[in-house]
Amino acid sequence: MKSNETGQDQNIEPEKTYSRRTILKSAGIGSLGVIIGASGLGGVISARESASNSAKANKNTIPFYGKHQAGIATTKPALLYFASFDVKTESRAELIEMLKDWTKAAAAMASGEMIGGTQNSVYLPPEDTGEAAALDTANLTLTFGVGPTLFKKNGKNRFGIAHKLPQELKKLPAFSLDALDKDWCDGDLCVQVCSDDAQVNFHAIRNLVRIARGKAILKWSQEGFQGKNNPHTKNETPRNLFGFKDETVNLSPEKKMDFDKHVWVQSGDGPNWLTGGSYLVVRRIQMHIEVWDRTALGEQEKTFGRHRITGAPLGKEKEFSDLGLDRKDEAGNFVIPVNAHARQAHGKGDQPLYRRSFSYSSGMAANTGTLDAGLFFMCFQRFPSKQFIPVQKRLGQSDKLNEYITHRGSAIFACLPGIRKGGWIGETLFS
């Protein structure tokens, strides 16, 4: 068995379920509007797929099984659908049953297969909701995590796993200038769904919600996006909604030693069930775009500490040049102001994070009539207490960018280690 650099298995054959491609081939490729009502799969499947499309689907499929979960070190695609769940059942057996069902569904969807295989009964609802049939897998990944309240809530040991709660998996502290809305915070479980197709993402979340019915409910969710041309065709840093390149200084999945040191939980870090996993911090950051749009370019660049067009540190020409934080101008002032975002985020350079954020736009804020848009910040790390928390404390106190943003949502999850073929989500935690 071989694994790629991100820990995803390469030689694993997808489970023999109902393939989106198989559906079209059996129905006759080339026809328009194939209706498979009698098959029990339900709905109308548009038959646009061709042999070349099949090759594309294989190319755009990321293995579900592996040493680490997909969706962390794998290439960030264009679109995000993040969901947080509250577990309602108090039965350990029911929760495990749901996680096993999620595993089967997630593995099928990541492989471009239909959930539930060849269901033919016209008297039962289809197991797969059908809207992703015939669509490319679009680099779909599903990444699962558990929140601290899954272990213990209101003093109660839930599911008999309170003793397995890691020290690092604690509710995040209150940070300066936070204006959190509880409707955008926390959760017992999380799922990060990423792909290059919004309908593929929606299909994945919809089916997980459907499978969880009676055991868990959706607590909150957020869709996100980044520039389409960035993820696969160019090695460029995406721009945020303020027009600046964001995540220039970031850990690279291509450097395994850095990920082992700063991202993946190692044996001995805490309970071994999380070895090979990672801690995920999410923050829903509203950006006050209308205010920013009235701010002069020079002030914008001083706020970030970078030039807008190139992304280079102030006074330099190339994006990935060293920040040069000691540089001063003729008047003796720091070239990169002391309260610039780049300086404050960098600190002493000893708290590296692996950021994997997306922009979001959720229409209009009804109470202000302004755009409800911003950054859905996500970062993975090995030790939140030594990485994200001290960085955010510093940013909350001194970052000039705070004049233009407000943190509305916050949560922390432990992203489980990778899933072996034949295993299931949460197996290491509940075994």
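## Aromatic contacts in a predicted model

Tyr-354 is buried, at 6% relative accessible area (buried is under 20%, exposed over 50%, partly exposed in between; 1.4 Å probe, protein chains only). Phe-380 is buried too, at 0%.

This is a predicted model: local features need pLDDT of at least 70, side-chain atom pairs count only at pLDDT 80 or more, and totals for chains, interfaces and linings use all residues. Residues are numbered from 1 along each chain as its sequence is written, and side-chain values use heavy atoms, with hydrogens and water left out.

A search of the whole structure gives 19 aromatic pairs. Rings of Phe, Tyr and Trp (its six-membered ring) pair if their centres lie within 6.5 Å; planes under 30 degrees apart are stacked, over 60 edge-to-face, the rest tilted. Two of the pairs are tabulated.

| Pair | Centre to centre | Angle between planes | Class |
|---|---|---|---|
| Trp-292 and Phe-304 | 5.7 Å | 90° | edge-to-face |
| Tyr-354 and Phe-380 | 6.4 Å | 35° | tilted |

Trp-292 lies in helix 6 (residues 289–292) and Phe-304 in helix 7 (residues 297–304), so their pair ties together parts 12 residues apart in sequence. Both Trp-292 and Phe-304 are buried. Tyr-354 in strand 12 (residues 354–355) and Phe-380 in strand 14 (residues 370–381) are 26 residues apart; their pair links distant parts of the chain. Helices (H or I, at least four residues) and strands (E, at least two) are DSSP runs, numbered from the N terminus.

Ring pairs also join Phe-82, Trp-184, Trp-220, Phe-376 and Phe-413 into a cluster. The charged end of Arg-284 sits over the Trp-184 ring, 3.7 Å from its centre. Lys-328 lies over the face of Phe-334, 4.9 Å from the ring centre. The criterion: NZ of Lys or CZ of Arg within 6 Å of the ring centre and within 35 degrees of the ring normal.
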